[in-house]
Number of protein chains: 4
Amino acid sequence: MRIVKDFLWKHGMTVGELVAKFGSLGFQAIELHEASEIILKMKKARAKIFLTFTSNMVTSGLRGFFAQLVKLGMADAIVTTSGSIEEDIMKFLGDNFEISNFNADDVQLHEKGENRIGNLLIRNESYMKFEDKMNECLNRIYEKKKRIDTSELLRELGLMFKDENSFLYQAAKNNIPVFCPGIADSAIGFHLFMFQQKHNDFIIDTIHDIKNAVLCSSHDEKKGLIALGGSISKHYAIFAGLLSGGFDYAVYLTTSHATSGSFSGATTNEAKSWGKIKDDAAAATVIGDVTITFPLVMIPVLEILKKEKLLKI
Amino acid sequence: MRIVKDFLWKHGMTVGELVAKFGSLGFQAIELHEASEIILKMKKARAKIFLTFTSNMVTSGLRGFFAQLVKLGMADAIVTTSGSIEEDIMKFLGDNFEISNFNADDVQLHEKGENRIGNLLIRNESYMKFEDKMNECLNRIYEKKKRIDTSELLRELGLMFKDENSFLYQAAKNNIPVFCPGIADSAIGFHLFMFQQKHNDFIIDTIHDIKNAVLCSSHDEKKGLIALGGSISKHYAIFAGLLSGGFDYAVYLTTSHATSGSFSGATTNEAKSWGKIKDDAAAATVIGDVTITFPLVMIPVLEILKKEKLLKI
Amino acid sequence: MRIVKDFLWKHGMTVGELVAKFGSLGFQAIELHEASEIILKMKKARAKIFLTFTSNMVTSGLRGFFAQLVKLGMADAIVTTSGSIEEDIMKFLGDNFEISNFNADDVQLHEKGENRIGNLLIRNESYMKFEDKMNECLNRIYEKKKRIDTSELLRELGLMFKDENSFLYQAAKNNIPVFCPGIADSAIGFHLFMFQQKHNDFIIDTIHDIKNAVLCSSHDEKKGLIALGGSISKHYAIFAGLLSGGFDYAVYLTTSHATSGSFSGATTNEAKSWGKIKDDAAAATVIGDVTITFPLVMIPVLEILKKEKLLKI
Amino acid sequence: MRIVKDFLWKHGMTVGELVAKFGSLGFQAIELHEASEIILKMKKARAKIFLTFTSNMVTSGLRGFFAQLVKLGMADAIVTTSGSIEEDIMKFLGDNFEISNFNADDVQLHEKGENRIGNLLIRNESYMKFEDKMNECLNRIYEKKKRIDTSELLRELGLMFKDENSFLYQAAKNNIPVFCPGIADSAIGFHLFMFQQKHNDFIIDTIHDIKNAVLCSSHDEKKGLIALGGSISKHYAIFAGLLSGGFDYAVYLTTSHATSGSFSGATTNEAKSWGKIKDDAAAATVIGDVTITFPLVMIPVLEILKKEKLLKI
């Protein structure tokens, strides 16, 4: 029987110590502690880990953390949305995203050429620089290959951006596939389209890429899922895992609730009815903003793995 | 100055009468009434209307309503996710989705071959029948065309399913494009992949389809957006509209909140900073489950348009 | 086995017809339909019905609906928060609440003497008029009784306000107790305090009022709960019901979720662990804004009861 | 101009270091960092600090943290709900609350005499022991005073429970008032009622207690508010602050959203329209479960104050 313990601050408390206390604190703190334990377990069991995130998380500073996690061997496959690709590259190109607030005057921002995502801003110039860069990159890729799987394209792009904090770069460097089934969306989709208008035989084969998604894990291997937010990135990872027999470990961090039947709010329990997650899998769902919960979930795992010399670097 | 009025029930009240009273009732009722008025305005202004929805809404009975709206001329383009395609077809094939509850025993459901989506269930057999049907359909489509835009594929599929309540069928019959940028995801993605394994020259060109998305409206035309839920379907519609100068009218119905910077919770105000929605556009966001809010928003519009003989049928 | 049915609009659809279709539509629509059925059952079983709501719902136009429901015999006890009392009286005094928007400029509103509640406004003058009126009312009540139970006080106040749309008036007129355990809060609390400063023997006995709350139903009677939102009003009703053996029927309409362990998000299931709701009770929770969901839940009940001549008037 | 910075884990990271990085991370992490800075400012400005919380937070291990904060001089007044009182005392009496899960079988729990609050459990025995203790305590208090303000009663109770982790004890010991305007609710309300049945002259004067609430700060002093969750506790603190001229600093931590007009979701901006928070006040709202966010917000403050020798102990 686990019991609630009175939480007390101790001078100099580390993140690892705080999350350890979360385990006997209550409500979502308990779930967060559980999620952290499950990720530790999946790593120790040498499970293939699928990490999924949406583009707003790349807009935020989590972009660097995703890159670091890949470098440290904490992800074996990444699934994300199209916006993530462009914003990872924008930051490589030296652009900064500004901190604003949720109640900013949007008409005024529009006049100033600033585009708001929650309390963050991306300037129009960032999109222009990205466009120029993409043109150049696509030309080089096209010379090598006309019909290309999405994850191959992203690998080629990643190899062009030597930035330690770029998840595309770290994934390419470490031979980790990045999947983006919805690449036709957003600015990157538009630039691919413009390029194709000039080169009709240039094909992004999102369908053929399913082979790579399925083959990056096998029925025999343990499989783990860390899904941040909802969207096609979460669904595609689950779909890939399902084709390989379902996940043995799953952690969902989300702000969505199960009550509307939306996929972003679908629980790990619901996933069991599908066989997406195995009946006896270790699974946890943490409700809260991932800019807060994800570092908290991961840091204790990294501390322990480092101590036990189980991190890649 | 608009004021709050005491709400009173009147015997035999119609949905139109209820929503009219919502306009002076408070909180989300006011926003819902506003959303309804904006849709009426966009239709009367002969705006091109983009309707977006996610697959869980097709799992629900809204599938028939989407088909009806297309038939009545209330949508000029549809954007949705891959799951919507398969579930629309499953229902055409005669399958029923069962009503269960949010707290069902998922391990037990898994054993019975029932897959849960919130409080609804889809049986494994439905997926098997769908697989058989898809094989047959894809063969016929492949004979006509090897490299095909996603919306062309969906049009071909729609023409094969004579079901008044199928949104794919109604869209195809009424020459309304259905976009699905993330078609590589889910069961339909898998069947496309299996088919491609046998026919390597079969290509779903999600990139080339952007042309159709852009061309289905023009800079000169008024454009309206009705976005149900979030996800790639909402984003792709906005992206297409942005390329044609931004929307003049926009209604978002969602359960997500703006506070996590997620796109599903992004407000119509935030969209103005991007030019996705014009600075002076008429726009409203209604927080609530679309199975409740969408019929309420649309029915008063349909009643008025019918009276004024502005519905297609 | 209940199945999902394709929803179709029918010209002239009544609210009753819409909610009937909700029963086979999906997600929260199904829960809303269930809630409506349960309220019909509790009324037909002649259960004692506790209706609870928070003050923001009185700010909205639901105030008139609450009064109408009392008049029609749909509530046997009301539990609410202190703000509800003052706003019910302000409306009796002829004041109007203005419709504004959720993003109004609050500093500017403050300068204009307008106080915002979501997208609604209450002017400072309304509070001043209320203060004058309260002084007069309390003098009259004090002459009759020095130490008074809260529900007695509210009954005396209700008898002073002949307004068909006032829930205090309708409750007093129909001998329905109104409980307000947190009356010391808010403007009414302040006016009671100021009056007591002049009359030290004036006592509002919130503790003694528990007798009235317990005695308004008995162990032998069926008991039903309709709880709108959370807060002390929901908890006090459940506490009173628990002392009489627990509820046989319960409907919660709320925007809060269970995940934070808050009472406003606590489900009807959780209530069963306490015996607050009986193990075999009919119970439903609907997630959504009550300005939308409450009229939808109640109207079909009223239509049927009217038809079967079971409404009080 | 503040910009987003790529977040990177550093071995041995303290909570203070993590929250410092939150300031350039994004979305709610930025708001959390801001909230932490504001609490530091309010303390350095020697503001009178009102801390409010709901009973579920006392059920959780935050109870010990609340006590510690009082001991360290971080709160000058506490406002809470009735359940907090009984659960603080139950823990003093040696009872443990068990950790369960959100999907527990509630009917089974009921049979076992276990009452669920989210993922936590309180046993029936805990309530029985509490009842016995209360009887004894109330007898002693009654001998000293027949008519008593609520905060006086809670001070007397606090003095009887020598438990370092009890917030009632620490508040009493440190001369910090604890307000509970809704004391008539819940188990403690019932025990007060039973005692009054035997001693008719025993009066809990919730109205007279407003004097203590108003006098615990003055117009001339700076005032700060830390409101955890919503409910009457948050509202009463604001009401008391408003009577003394409004707050200069305010931090809200909540899971509720502004969209339904509920008070628990009301923002610090909305409060400015009322003068509850001054127009130029430093204010922040953090959306998330307080078991996670509150320790994160407070720990960096405590670390800095300790370093600067500004903590009481």
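What pLDDT does chain A average, and what share of the residues score at least 70?

**Figure 1. Confidence of the predicted model.** Chain A averages a pLDDT of 96, and 100% of the residues score at least 70. For the complex, the predictor gives an ipTM of 0.97 and a pTM of 0.97.

**Figure 2. The contact between chain A and chain D.** On chain A, 52 residues are in contact with chain D, where 52 residues take part. Several elements of chain A each supply at least two residues to the side that touches chain D: helix H1 (15-22), helix H2 (27-44), helix H4 (62-71), strand E3 (98-99) and helix H14 (290-307). The most comes from H14(A), which gives 8 residues to this side.

**Figure 3. Residue classes on the side of chain A that touches chain D.** The residues here divide into 24 nonpolar, 20 polar and 8 charged.

**Figure 4. The relation between chain A and chain D.** The same surface serves both copies, as 100% of the contact residues of chain A recur in chain D.

**Figure 5. A:Thr14 and the rotation axis.** Which residue of chain A comes closest to the rotation axis? That residue is A:Thr14, with its C-alpha at 1.8 Å from the axis.

Definitions and conventions: Residues numbered from 1 in each chain as written. Chains lettered and ligands numbered in written order. Predicted model: local features only at pLDDT ≥ 70, side-chain atom pairs only at ≥ 80, totals over all residues. pLDDT = per-residue confidence, 0-100. Contact = placed C-beta atoms within 7 Å. Helix = DSSP H or I, 4+ residues; strand = E, 2+ residues; numbered from the N terminus. Nonpolar A, V, L, I, M, F, W, Y, C, P; charged D, E, K, R; others polar. Least-squares fit on C-alpha atoms with pLDDT ≥ 70 in both.
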